[in-house]
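I opened the notebook to look through one model, feature by feature. My notes follow in the order I looked things up.

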Amino acid sequence: MIFVTVGSRNYPFDRLFRRLDELCEQGIITEEIFAQTGTSTYHPRHYRFQDFLFAEEFDRKIRKAHIVVSHGASGSIMRALHHGKKVIAVTRLAKYKEHINDHQIQTNEAFSQNGYVLMADLELQNLGDCFQKIYEKKDHLRPWENKDPLAIVRQIDTFIQENWEGRTWISAR
């Protein structure tokens, strides 16, 4: 099974779900797909979907899947990698009102350049090629190894220190 997740924020990703329907129609994808569609308004014709999933159901879908298609949310990507899944990363773009900015490009590129995920091009034209690479065992993906669980915390801290120096933080206490 292929599990597709696009998160729960208020940004539709209809472009992805249309493209997956096209790939089903073309016979490139022939296996079962289940999609968590979030706030998208497009209703897939060739696979099952649900807007939102509770955490337990989300984890069940990831465990059942052998391929996870994820938007550029590092948490979703890392969860799939932690479960040993092949991941295809797709990028939400601001120009399509899929997000407020294009930060997912950098997230997906970082995972891709390190060999952990296949990254679809920004217009999703090579999404079928990503599936073909996995099906033909030509994906050359590395297994996920998170030897330092605090690494992401340090990266975030470094980012804040480099980009927010001199700004005043207001405590919510």
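Which residues lie nearest the centre of the second largest pocket? I looked, bearing in mind that this is a predicted model. G7, S8, Q36, H71 and S76 lie nearest the centre. The lining has 20 residues in total.

**Pocket, continued.** I noted the volume next: the second largest pocket holds about 270 Å³ of space. I then sorted its lining by residue type. Ten residues are polar, seven are nonpolar and three are charged. Helices α2 (55-64), α3 (74-82) and α4 (103-113) each give at least two residues to this lining.

**Sheet.** In what order do the strands of the open sheet run? I read the order as β3-β2-β1-β4-β5-β6, six strands with parallel pairing. β3 (48-50) and β6 (118-119) stand at the edges; each has a single partner strand, so one side of each lacks a neighbour in the sheet.

I checked two of the pairings. β1 (residues 2-5) and β2 run parallel and share four bridges. Within that pairing I picked out T5, whose bridge partner in β2 is Q36. Q36 also turned up among the residues nearest the pocket centre. At the other end of the sheet, β5 (residues 86-90) is joined to β6 by two bridges, again parallel. There I found I88 bridged to L118 of β6.

**Q104.** I moved to helix α4, where Q104 sits. Its relative accessible area is 2%; because the cut-off for buried is under 20%, Q104 counts as buried. I listed its contacts beyond four places in sequence: H71, G72, A73, V90, T91, R92 and H99. H71 is also one of the residues nearest the centre of the second largest pocket.

**G27.** I found G27 in the loop between α1 (14-25) and β2 (33-36). G27 is partly exposed, at 41% relative accessibility.

**Confidence.** I left this check for last. The chain has a mean pLDDT of 89, and 84% of its residues reach 70 or more. Residues 168-173 stay under 50, and the model gives them two contacts beyond four places in sequence. Where pLDDT is low, the predicted coordinates should not be read in detail.

Notes
Residues numbered from 1 in each chain as written. Predicted model: local features only at pLDDT ≥ 70, side-chain atom pairs only at ≥ 80, totals over all residues. Heavy atoms only, no water. 1 Å grid on protein atoms, 1.4 Å probe; cavity = no way out; pocket = protein on both sides within 12 Å on 5 of 7 lines; lining within 4 Å. Points joined across faces, edges and corners; volume = space filled by probe spheres on them. Nonpolar A, V, L, I, M, F, W, Y, C, P; charged D, E, K, R; others polar. Buried < 20%, exposed > 50% of the residue type's maximum accessible area, 1.4 Å probe, protein only. pLDDT = per-residue confidence, 0-100. Contact = heavy atoms within 4.5 Å. Pairing = 2+ DSSP bridges.
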